[in-house]
Amino acid sequence: MTNETTAPPPSPGAPLRPPAGRYGPEPTERRRRLAVVGIVLVAIVGLAITLVIGLRYANEPVRFKDFGYTVVSPERVDVTFEVYMDPGTTATCTLDALAESFAQVGTVDVTVGPVEVTESRYTVSVATSELATTGIVQSCRVAP
């Protein structure tokens, strides 16, 4: 029994294709090449952006990493952090204490270094105006 709404089965070995025109015009060789060139260009641009960002980050003279914090009291939070810089360098780091609403409830600038090793760890107390729920390093830069 044949139903007029169904297409005949494809012949064996024939590639499975949707009906002509169903999903737009049939792809041509030129369209395929343009698609491949477009994908390659997007990949090259993405790689270039990643490389520029990576090189910029690698060339920063002072880098830091938050290591942890301890809420000591409603008036104080201790922030522990690591600083990475060349031996002999001195840096100024800005530490912030934040409340549950992320409002800044304390801040301090601290000078670290000069150091004899590339990586060093510090714990600094930040005075707060109310209970802080976190302590973070906002920034570190080479000291003038």
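A nonpolar patch here is made of residues with over 30% relative accessible area and no salt bridge, with nonpolar side chains (Val, Leu, Ile, Met, Phe, Trp, Tyr) joined within 5 Å. Accessible areas come from the Shrake-Rupley method with a 1.4 Å probe, and for residues only the protein chains shown count as cover. A salt bridge is a side-chain nitrogen of Lys or Arg within 4 Å of a carboxyl oxygen of Asp or Glu.

What you are looking at is a predicted model, where local features need pLDDT of at least 70, side-chain atom pairs count only at pLDDT 80 or more, and totals for chains, interfaces and linings use all residues. Residues are numbered from 1 along each chain as its sequence is written, and side-chain values use heavy atoms, with hydrogens and water left out.

I start with the patch. Val36, Val37, Val40, Leu41 and Ile44 make a nonpolar surface patch of about 440 Å². Val40 belongs to helix H1, residues 29–58; helices (H or I, at least four residues) and strands (E, at least two) are DSSP runs, numbered from the N terminus. Val40 has a relative accessible area of 42%, so it is partly exposed. The cut-offs are under 20% for buried, over 50% for exposed, and partly exposed in between.

Arg32 and Glu29 meet through their side chains at 3.7 Å, N to O. The two are about one helical turn apart because they are three residues apart in H1. Arg32 is partly exposed at 39%, and Glu29 is partly exposed at 45%.

How many salt bridges does a search of the whole structure find? It finds three. Another of them joins Arg76 and Asp78, with the closest N and O atoms 2.9 Å apart. Arg76 is partly exposed at 34%, whereas Asp78 is buried at 13%. Then there is Arg121 with Glu82, at 2.7 Å, N to O. Arg121 sits in strand E5 (residues 119–127) and Glu82 in strand E2 (residues 76–85), so this pair ties together parts that are 39 residues apart in sequence. Arg121 is partly exposed at 46%; Glu82 is buried at 5%.

Now the sheet. Three strands form an open sheet in the order E4-E3-E6, with antiparallel pairing. Two strands count as paired if DSSP finds at least two bridges between them. E4 (104–112) and E6 (134–142) are the edge strands, each with a single partner, so one side of each has no neighbour in the sheet. Strand E3, residues 91–98, pairs with E4 over eight bridges. Leu95 stands opposite Val108 in E4, and Ala91 has Val112 in E4 as its bridge partner.

Which residue of the E3 and E4 hairpin takes a positive phi? That is Phe102, near 70°, in a hairpin with five residues between the strands. Most residues other than glycine have a negative phi. Phe102 is exposed, with a relative accessible area of 67%.

Last, the disulfide, meaning a pair of cysteine sulfur atoms within 2.5 Å. The structure holds one. It is formed by Cys93 and Cys140, whose sulfur atoms are 2.0 Å apart. The partners are 47 residues apart, Cys93 in strand E3 and Cys140 in strand E6. The link is right-handed, with 110° about the S-S bond. Cys93 is buried at 0%, and Cys140 is buried at 11%.

Key
Patches are made of residues with over 30% relative accessible area and no salt bridge: like charges are joined within 9 Å, nonpolar side chains (Val, Leu, Ile, Met, Phe, Trp, Tyr) within 5 Å. Buried means under 20% relative accessible area, exposed over 50%, partly exposed in between (1.4 Å probe, protein chains only).
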